[in-house]
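Keep the sequence and the model side by side as you read. The tour starts at the ligand and then moves out to the loops.

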Amino acid sequence: MSDQDTPHALARAGPTVTRVVEAIAETAPEVRGGLAGRRMYDPEADENPSGERQLAADLYADELLEDRLLAIDGVGGYASEEREELSLADDEGYHVACDPLDGSSNLKSNNAMGTIFGVYDAALPAAGDHLVAAGYVLYGPITTMALAVDGHASEYVVTDGELEPDAVDLTIPDDPVVYGFGGRVPDWTEDFAAYVDAVEDELKLRYGGAMIADVNQVVTYGGVFAYPALESAPKGKLRLVFEGAPIAYVIEAAGGASSNGERSLLDVEADELHQRVPVHVGSAGYIERLERALD
Ligand code: P6P
């Protein structure tokens with residue numbers, strides 16, 4: 001099948017998943033348009049289930065997505081980083097997990113951020129091997145979506161809420177260029193720090209504080225992103241169900257690899273909805289080296 005005949009990711013999705021992805025794209029202009037007036041912490045909100053203060057923009061995006069996604073026939077549940085419990089619309093159907101505004105702390109500094117989503121064919125919390133689709137909307141200079149369905153990843157430009165295929169076959173380049181590692185250097189474990197010493201001799205630093213913006217650099221240029229286990233936080237910072245597994249699903253569909261330090265993030269059991277996990281994703285060679293370094 002020639003390239004121009006290769007079906008893009010959304011063309012491989014069934015009717016419900018297609019509607020979920022289209023609804024997230026349709027919501028993107030409203031989310032982006034609502035950011036300017038919502039850069040402050042919501043005075044009524046306290047903290048999200050991970051103990052992080054919530055911006056008005058976090059809650060705004062979360063409410064929009066819950067409303068639009070639970071209205072879709074075939075979607076039984078919605079969960080997000082911003083709310084303690086799962087919202088149920090039906091006792092069957094797909095469960096959609098969202099990080100409504102990943103990297104919202106970048107709003108104050110006007111840097112990139114976005115929405116992460118995962119469509120699970122099981123009740124949440126569920127492991128990444130229950131994902132049937134996953135992706136992220138990136139609010140950068142332009143609004144894009146990276147989407148993976150059935151092991152195939154594509155990139156779209158989102159224009160007025162419509163998806164326009166930009167890269168039908170989204171693949172991590174063979175020659176890695178960039179790296180980005182979260183957490184404070186003194187808080188890295190000795191084994192991870194030794195791995196970084198090698199990587200920083202080979203690649204150049206790209207770290208902006210919003211996972212999907214940093215991951216999108218890795219997808220675009222090749223390399224590795226990690227928010228590793230820390231001495232002060234052995235499980236790292238990022239959430240498995242909302243961030244780690246969906247991003248791993250996209251990265252692995254794009255020909256890369258993921259790891260919690262030992263195995264693919266898609267194979268990590270999900271015992272709690274908001275459980276954290278060390279996240280390492282990117283070019284397969286760097287993930288293999290990471291697992292050897294932490295072994
Ligand atoms: P730090 C954003 O808050 C986030 O959850 C991820 O998007 C990002 O990778 C990480 O936290 C940034 O954390 O410690 O660098 O502020």
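The paragraphs below cover the ligand site, a histidine contact and some backbone features.

This is a predicted model, in which local features need pLDDT of at least 70 and side-chain atom pairs count only at pLDDT 80 or more, while totals for chains, interfaces and linings use all residues. Residues are numbered from 1 along each chain as its sequence is written, and side-chain values use heavy atoms, with hydrogens and water left out.

The space it takes is the largest pocket. A pocket here is an open set of points on a 1 Å grid over the protein atoms alone, where a 1.4 Å probe fits, with protein on both sides within 12 Å along at least five of seven lines.

Now look at the polar contacts, pairs of N or O atoms within 3.5 Å. A polar side-chain atom of aspartate 102 lies 2.7 Å from a ligand oxygen. For tyrosine 207, a polar side-chain atom is also 2.7 Å from an oxygen atom of the ligand. Arginine 239 places a polar side-chain atom 3.4 Å from a ligand oxygen. Taken alone, the ligand exposes 400 Å², and the protein buries 77% of that. These areas come from the Shrake-Rupley method with a 1.4 Å probe.

Next, find histidine 274 in the loop between β12 (257–259) and β13 (279–282). Strands are DSSP runs of E, at least two residues long, numbered from the N terminus. Histidine 274 has a relative accessible area of 14%, so it counts as buried. Buried means under 20%, exposed over 50%. A polar atom of the histidine 274 side chain lies 3.0 Å from the backbone oxygen of arginine 83.

Finish with the backbone. Most residues other than glycine have a negative phi, and most peptide bonds are trans. Asparagine 110 has a positive phi of about 55 degrees. It sits in the loop between β3 (94–102) and β4. Its relative accessibility is 65%, so asparagine 110 counts as exposed. Aspartate 150 also has a positive phi, near 55 degrees. Its place is the loop between β6 (143–149) and β7 (152–159). Aspartate 150 is exposed, at 59%. The peptide bond from leucine 124 to proline 125 is cis, with omega near 0 degrees. Proline 125 lies in the loop between β4 (113–120) and β5 (131–139).

Key:
Helix = DSSP H or I, 4+ residues; strand = E, 2+ residues; numbered from the N terminus. Buried < 20%, exposed > 50% of the residue type's maximum accessible area, 1.4 Å probe, protein only. Polar contact = N/O pair within 3.5 Å; in protein donor to acceptor, adjacent residues only side chain to side chain. 1 Å grid on protein atoms, 1.4 Å probe; cavity = no way out; pocket = protein on both sides within 12 Å on 5 of 7 lines; lining within 4 Å. Sits in = over half its atoms within 2 Å of the grid points.
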